[in-house]
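This report describes one protein chain for a reader who is new to structural terms.

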Amino acid sequence: MIQRELLGTAEVPGGTELRLFRHDRDFMIVMGQNELMSSRMSGSEIALATETIRRLKGRPAPALLIGGYGMGFTLRAALEVLGPKAELVVAELVPEIIDWARGPMAEIAAGCLDDPRVRLIMGDVGSVIDGAQGDYDAILLDVDNGPDGVVRDGNGALYSSSGLRAARRALTAGGVLAVWSAGPDPAFTRRLEKNGFSVEDIRVAARSNGKGPKHTIWFATPR
């Protein structure tokens with residue numbers, strides 16, 4: 001039997017410890033007893049990118065803010081479908097996540113962080129959003145297990161009314177706020193609507209082959 005191999009640990013600022021494991025050819029990032037990310041389950045992270053970009057309806061030079069990097073599935077999917085004039089800003093809070101992408105998971109990363117369209121910001125995506133004013137055609141958030149499953153206390157502000165208003169200010173006209181979650185959250189849907197968004201949510205299989213648990217993605221457009 002192949003055992004899991006611990007490759008590294010990282011402290012989430014204001015949160016807890018992350019551990020990177022390898023099992024055969026698969027990688028897992030674990031917090032406590034919860035598997036936050038797995039290289040076996042990329043379907044909904046890919047959909048976060050492709051479904052958001054589809055809703056931008058062919059903008060020639062879109063600017064996207066992605067928070068955070070995770071295992072890079074969302075970033076790579078976006079790069080595959082966007083043209084040469086696109087700009088993708090990736091905000092990642094945990095330095096080791098990027099070290100792992102450039103180190104043991106370099107084959108999975110496939111050089112996406114070095115694409116000339118990509119700019120990496122090491123920091124809190126909430127701070128990037130707060131400092132923006134109509135800068136992004138889309139904001140893609142996958143930093144927690146969902147609005148009701150934050151991995152650090154500070155992330156709760158992203159899903160609060162004030163955080164949603166900040167996201168509205170950061171978006172261009174007709175832009176899209178896309179939020180990934182491990183499961184549905186009707187209260188978050190209502191909060192988006194109360195803060196001036198038209199909301200669509202979809203359920204997407206965790207695996208690229210359409211199998212596995214279903215995850216939720218919200219697509220919110222300022223009214």
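For counting charges, Lys and Arg are taken as positive and Asp and Glu as negative, while His and the chain ends are not counted. The place of a charge is NZ of Lys, CZ of Arg, CG of Asp or CD of Glu. On this basis the protein chain has 26 positive and 28 negative charges, whose mean positions are 7 Å apart.

The model is a predicted one, in which local features need pLDDT of at least 70, side-chain atom pairs count only at pLDDT 80 or more, and totals for chains, interfaces and linings use all residues. Residues are numbered from 1 along each chain as its sequence is written, and side-chain values use heavy atoms, with hydrogens and water left out.

**The chain as a whole**

The protein chain contains seven helices and 11 strands. Helices (H or I, at least four residues) and strands (E, at least two) are DSSP runs, numbered from the N terminus. Along the principal axes, the C-alpha atoms fill a box of roughly 55 × 40 × 35 Å. The radius of gyration, taken over C-alpha atoms, is compared with a globule rule of 2.2 Å times the number of residues to the power 0.38. A compact globule of 223 residues would have a value near 17 Å, and the 16 Å of the protein chain agrees with this.

Of the 223 residues, 51% are buried. Here buried means under 20% relative accessible area, exposed over 50%, and partly exposed in between (1.4 Å probe, protein chains only). Contact means heavy atoms within 4.5 Å. Among contacts between residues at least 6 apart in sequence, 67% join residues at least 24 apart.

**Helix H7**

Which residues of helix H7 are buried? In this helix (residues 186–194), they are Phe188, Thr189 and Leu192. Seen down the axis of H7, these residues fall within an arc of 105 degrees, so they line one face of the helix. The arc is that of the directions from the helix axis to the C-beta atoms. In general, an α-helix has 3.6 residues a turn, so residues three or four places apart point the same way.

The cover over the buried residues of H7 includes helix H6 (161–170) and the strands S9 (171–181), S10 (197–205) and S11 (214–222). On the face turned away from the buried side are the exposed residues Pro186 and Lys194. Just after H7, glycine 196 has a positive phi of about 90 degrees.

**Two arginines in loops**

Arginine 207 lies in the loop between S10 and S11 and is partly exposed, at 29% relative accessible area. Apart from neighbours within four places in sequence, arginine 207 contacts Arg40, Met41, Gly43 and Gly212.

Arginine 117 lies in the loop between helix H4 (106–109) and strand S7 (118–122). Its relative accessibility is 16%, and arginine 117 therefore counts as buried. Beyond neighbours within four places in sequence, its contacts include Leu79, Leu82 and Gly83.

| Pair | Apart in sequence | C-alpha to C-alpha |
|---|---|---|
| Arginine 207 and glutamate 45 | 162 residues | 9.3 Å |
| Arginine 117 and lysine 85 | 32 residues | 7.4 Å |

**Backbone details**

The peptide bond from glycine 67 to glycine 68 is cis, with omega near -10 degrees. Glycine 68 is in the loop between strand S5 (63–67) and helix H2 (73–81).

Aspartate 24, a residue other than glycine, has a positive phi near 60 degrees; its loop joins strand S2 (17–23) and strand S3 (26–31). Lysine 57 also has a positive phi, near 55 degrees. Lysine 57 sits in the loop between helix H1 (43–55) and S5 and is exposed, with a relative accessible area of 73%.
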